[in-house]
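Thanks, everyone; I would like to walk through a few side-chain arrangements in one model, and I will give the cut-offs as the terms come up. Please have the structure open as we go.

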Amino acid sequence: MVLPAWAQTLDVPSPKISTLQTVRDRGFLICGATNPLPGFAQQDADGKWSGFDVDLCRGIAAAVFGDPDKIEFRSLRGEARFAWLQTGAVDVLTRNGAWSQQRDTLYGANFVAPTFFDGQAFMVPQSLGIVSAYELDNVSVCVIDSGDELERMEEFFFTNQATYSEVVYEDAADLAIAYRAGLCQAVSATGRQLQAIRRGLPEPATNRILPEHISKELLGPVVRTGDDQWFEIVRWTIYTLINAEELGVTSLNIDSLAATRTTGVRRLLGLDGDFGTALGLSPKFMSNVVRAIGNYAELYDRHFGPQTGAALLRGQNALWSNGGLLYAPPIN
């Protein structure tokens with residue numbers, strides 16, 4: 001494998017130097033993510049990165065520096081990613097493969113907290129009039145011959161006593177081509193893959209990602225093992241986004257809340273208590289995060305909302321109080 005230019009002169013960080021200190025000495029944060037994926041990480045014609053993953057990186061930079069633009073973003077295409085993290089080529093992976101026991105324990109890396117709940121699902125044209133996966137019957141379905149995805153789909157249809165035919169492909173890129181050409185009536189893949197396929201269609205809104213998941217996948221930032229301080233910094237950046245949504249604090253109203261008497265809001269803004277110094281951060285690090293990228297709802301809507309032309313319902317990614325799975329410890 002030919003190493004990219006940025007990886008050919010790596011300085012492996014000393015285990016005695018914390019990641020926070022390394023980042024501060026360098027003057028900017030280096031983030032990576034697995035493969036470009038529309039909505040999560042994409043480059044424009046000028047080479048500028050944007051997406052959910054990139055904004056998470058900007059949020060961590062805001063926590064550390066008070067400046068969300070002190071970042072360098074790298075797409076780690078293919079399977080190589082843990083080694084880049086271990087060698088110091090990146091400080092954090094804002095999106096890796098789905099969280100699993102092996103990935104969390106065998107490769108010198110720790111998953112921090114979920115930022116996106118996903119799973120295998122189905123997408124169909126709106127013209128079919130289907131609104132639930134349990135309505136699928138007598139349909140042809142494009143799917144990757146990866147073993148797990150194919151087996152899960154077979155089990156789903158067997159359990160529901162529905163008929164279907166498989167249209168099997170080797171690579172995810174084939175799914176988009178086949179579905180667009182009408183070679184199958186439905187396509188089954190992870191929700192994020194379906195969203196990427198949908199966004200690439202001429203009329204995304206005429207296709208529906210059905211709400212049911214037939215597997216569970218958790219996505220979230222990954223850091224090197226052995227640096228508890230950095231682990232907590234990244235984790236509380238994520239928790240800040242979730243708590244801010246729950247408390248109603250947004251990037252638009254944050255500056256108008258200085259006189260609030262709500263305890264949780266005052267703590268998040270750094271007006272009461274000091275929840276940053278123990279992490280090596282400013283007492284106002286949480287307000288810096290929200291001011292820079294907004295709360296979780298703002299982040300989600302920016303990259304998966306109606307303005308993208310392919311709105312993705314929050315579903316499991318809604319707050320726990322709204323029927324979702326997003327939950328963060330309180331600030332106290």
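Arg26 lies over the face of Phe28, at 5.5 Å from the ring centre, where a charge counts as sitting over a ring if NZ of Lys or CZ of Arg is within 6 Å of the ring centre and within 35 degrees of the ring normal. Arg314 is placed over the face of Tyr300, at 5.6 Å from the ring centre.

A word on the source: this is a predicted model, in which local features need pLDDT of at least 70 and side-chain atom pairs count only at pLDDT 80 or more, while totals for chains, interfaces and linings use all residues. Residues are numbered from 1 along each chain as its sequence is written, and side-chain values use heavy atoms, with hydrogens and water left out.

Tyr300 also belongs to one aromatic cluster, together with Phe40, Phe52, Phe116, Tyr296 and Phe304. The structure holds 20 aromatic pairs, a pair being rings of Phe, Tyr and Trp (its six-membered ring) with centres within 6.5 Å, counted as stacked if the planes are under 30 degrees apart, edge-to-face if over 60, and tilted for the rest. The rings of Phe40 and Phe304 have centres 5.1 Å apart and planes at 55 degrees, so this pair is tilted. Phe40 lies in the loop between S1 and strand S2 (42-43) and Phe304 in helix H11 (residues 296-304), so the pair ties together parts that are 264 residues apart in sequence; helices (H or I, at least four residues) and strands (E, at least two) are DSSP runs, numbered from the N terminus.

Let me turn to the disulfides, defined here as pairs of cysteine sulfur atoms within 2.5 Å. A search of the whole structure finds two. One joins Cys31 to Cys57, S to S 2.1 Å, and the torsion about its S-S bond is about 85 degrees, so the disulfide is right-handed. Cys31 lies in strand S1 (residues 29-34) and Cys57 in helix H2 (residues 52-65), so the pair ties together parts that are 26 residues apart in sequence; both cysteines are buried. Cys142 and Cys184 form a disulfide with sulfur atoms 2.0 Å apart, and here the torsion is about -110 degrees, so the disulfide is left-handed. That pair links Cys142 in strand S9 (residues 139-144) to Cys184 in the loop between helix H6 (172-180) and strand S11 (186-190), 42 residues apart. Cys142 is buried at 0% relative accessibility, as is Cys184 with a relative accessible area of 5%.

Just after H6, Gly182 takes a positive phi of about 80 degrees.

Key: Buried means under 20% relative accessible area, exposed over 50%, partly exposed in between (1.4 Å probe, protein chains only).
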